[in-house]
Amino acid sequence: MKGIAGTIFHYIDVTFVNIRMALLRVVEYPSNIIGWLLSNPVQFLVGFATIQFAVSEFGDINGWNYGQLAFLYGLAVLSHALSMIFFVQGWFMGNYVIHGEFDRYLTRPMSVLYQFFFTNINIIGVTDLIPGLCVFLYGCHKVGFHWSIGNVFMIFVLLTGATLIRGGIYIILGTTTFWTRSNNDFAQYTQEIFDKTTMYPLSMYPEGVQFVLTYLIPIGWVTFYPVSNMLGLSNDYLQTSAAVWLTLLIGILVMVLAALFFRLGLRNYESAGN
Amino acid sequence: MKIYSYVCKMQILRSMTYKFNVYGNIIMQTIIMLTTSFFWKALYQNAETVQGVEIGSMLTYTVISSCISVILTTNVEQRITRSVEKGTIAVDLMRPVNIFAVFFAEDLGNVVALLFQNLLPIIFIGCIFIQVPLLASGASVLMFLISLCLAFFINWLLAAIFGMWAFTAINMHALLQVKRHLIRLLSGSMIPLWFFPEWLRIVLEAFPFVYLYQLPLSIYIGKCDGMSLIRGITIQLVWLAVLSFIFYILQKRAARKVMIQGG
């Protein structure tokens, strides 16, 4: 037993050192921080404002008024931010594979997947949290969200699950480069697709798209199903009363699958050069 | 002139060789175009016309907006940023040609290549999955093209002026993102300004962004005619003059600044 506890403590210890190093790396370039502090909030705050104008002109979109939409959008940006902080490396895996960077991780006595993500924690992702929090709090205010301990706990569960789903999908996409060995950068498509499917109600898409995003690629579970559940909105496509917990469950499932897939991919890894 | 047309031709050939970028752009535009069209379809479920625009016009607006975004592609900012970072800007400025004319020729060549590589596929996809984007009236075709040309020049000047910031602010990547988002959101490329609150619309109409996307698009769907059309084109011309002047001044100063840096 002591062995396992010791290992866990060791991992936590290393994580703190990594976070400290990541912070120092970011502080080194102050002008860069200011740039991202501008860029990410502009993208999401102005982005939400324009949607809100259109929706308030029409009244609602598929039964969602703009307060509920803000709630959805805010949680989507928050889970995006969290997945950016911890799992953004998945987007750039192609680069690491091509340049043989995995050699370094393989020689160290810790899990390769852990090292890959946690030696490069992306502190800049915090700048995404700000607009997410703003829009989310605005949404909470508009829908009259009740700040009870139970509800806050549910939000926490939802965000954990949502972040795991996103992270898992990034890892699975990134892992394919072990076979393709190509450097194609699909980061922006991934983001565009995730943005468009988690920030708007999924029910506005055709049924085929809804089917794919519910059962095949679980993007619908990132925000749409749990949020409709929390706000008591019904949708024609799928009824469930425990969507928040399902999100967490699916998140863990996707992450486990991603980890297994990653290990399979790693076996196929050949270093670059000699 | 001969030099610049040669640069332009070379860029067309160069743009043709990078296949993945081309497909990437088409995929991106297709995602944006399709999701935006679903957004409008969902909004128009319970409404016939809003602000005098019906769903058909809005879908046309979406398809043509994607087409315009292909035409308004510029590389001049990245080009300047990269040569400042690498220090090759000094050599660039020493050549016996006008460096900005070279950048312009390159961007023009790139757009010509994109007309075939991106514009045609996007129109094709739009026609199949959304709807055939028909022009509101045959008479407005000329006005649309004029307005689009003006938009192209305004957009390029904005990009070039913005790019010259790289001479002083070394790290430009985040700033470039800010500009991209602002233009995308405030030019009416996705959500037209007539849905915005009155005060914000008035403020935004004082900026050049609206004249990049929304004006040509409004002409295309027939929302802008008569006096408002003449007014719009006039404002475009004024912006073109103002930006050309700013560009001319900055370009002289920027060149001097780099020379001093290099010793």
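This is a predicted model: local features need pLDDT of at least 70, side-chain atom pairs count only at pLDDT 80 or more; totals for chains, interfaces and linings use all residues.

User: What confidence does the predictor give to chain B and to the complex?

Analyst: The term pLDDT denotes the predictor's confidence in each residue, from 0 to 100. For chain B the mean pLDDT is 85, and 94% of the residues of chain B reach 70 or more. For the complex, the predictor gives an ipTM of 0.81 and a pTM of 0.85.

User: How is the size of an interface expressed, and how much area do chain B and chain A bury between them?

Analyst: The accessible area lost when the parts come together is often quoted as the size of an interface. Buried area is here the accessible area (1.4 Å probe) that two parts lose on being put together, summed over both. Chain B and chain A bury about 2900 Å² between them, and 76% of this is on carbon and sulfur atoms. The contact (heavy atoms within 4.5 Å) takes 33 residues from chain B and 31 residues from chain A.

User: How many salt bridges and how many residue pairs in polar contact does the rule find across the interface of chain B and chain A?

Analyst: A salt bridge requires a side-chain nitrogen of Lys or Arg within 4 Å of a carboxyl oxygen of Asp or Glu. Across the interface of chain B and chain A the rule finds one salt bridge. A polar contact is a pair of N or O atoms within 3.5 Å; within protein, one must be able to donate a hydrogen and the other to accept it, and residues adjacent in sequence count only if both atoms are side-chain atoms. Three residue pairs, both residues at pLDDT 80 or more, are in polar contact across the interface of chain B and chain A.

User: Which helices of chain B each supply at least two residues of the side that touches chain A?

Analyst: Helices (H or I, at least four residues) are DSSP runs, numbered from the N terminus. On the side of chain B that touches chain A, α2 (19–43) and α8 (173–186) of chain B each supply at least two residues. The largest share, twelve residues, comes from α2(B). By type, the residues of this side of chain B divide into 24 nonpolar, eight polar and one charged. In this count Ala, Val, Leu, Ile, Met, Phe, Trp, Tyr, Cys and Pro are nonpolar, Asp, Glu, Lys and Arg are charged, and the others, Gly among them, are polar.

User: Why does the pair of Glu192(A) and Arg184(B) join two chains?

Analyst: The side chains of Glu192(A) and Arg184(B) meet in a salt bridge (3.5 Å, N to O). The pair joins two chains because Glu192(A) lies in helix α10 of chain A and Arg184(B) in helix α8 of chain B. Glu192(A) is buried, with a relative accessible area of 7%, whereas Arg184(B), at 24%, counts as partly exposed.

User: Which residue of chain A forms a salt bridge with Glu192(A)?

Analyst: Lys196(A) does, with the closest N and O atoms 3.1 Å apart. Lys196(A) and Glu192(A) both lie in helix α10 (residues 187–198) of chain A, four residues apart, about one turn of the helix. Both Lys196(A) and Glu192(A) are buried.

User: Which parts of the chain does the pair of Arg79(B) and Glu106(B) link?

Analyst: The side chains of Arg79(B) and Glu106(B) meet in a salt bridge (2.9 Å, N to O). This pair links distant parts of the chain, with Arg79(B) in helix α4 and Glu106(B) in helix α6 of chain B, 27 residues apart. Arg79(B) is partly exposed, with a relative accessible area of 24%, and Glu106(B) is buried, at 10%.

User: Against which helices do the buried residues of α4(B) pack?

Analyst: They pack against α5 (89–94), α6 (99–129), α7 (140–163) and α8 of chain B. Among the buried residues of helix α4 (residues 76–86) of chain B are Val76(B), Ile80(B) and Val84(B). Just after α4(B), Gly87(B) takes a positive phi of about 85 degrees.

How values were computed:
Residues are numbered from 1 along each chain as its sequence is written. Chains are lettered from A and ligands numbered from 1 in the order in which they are written. Side-chain values use heavy atoms; hydrogens and water are left out. Buried means under 20% relative accessible area, exposed over 50%, partly exposed in between (1.4 Å probe, protein chains only).
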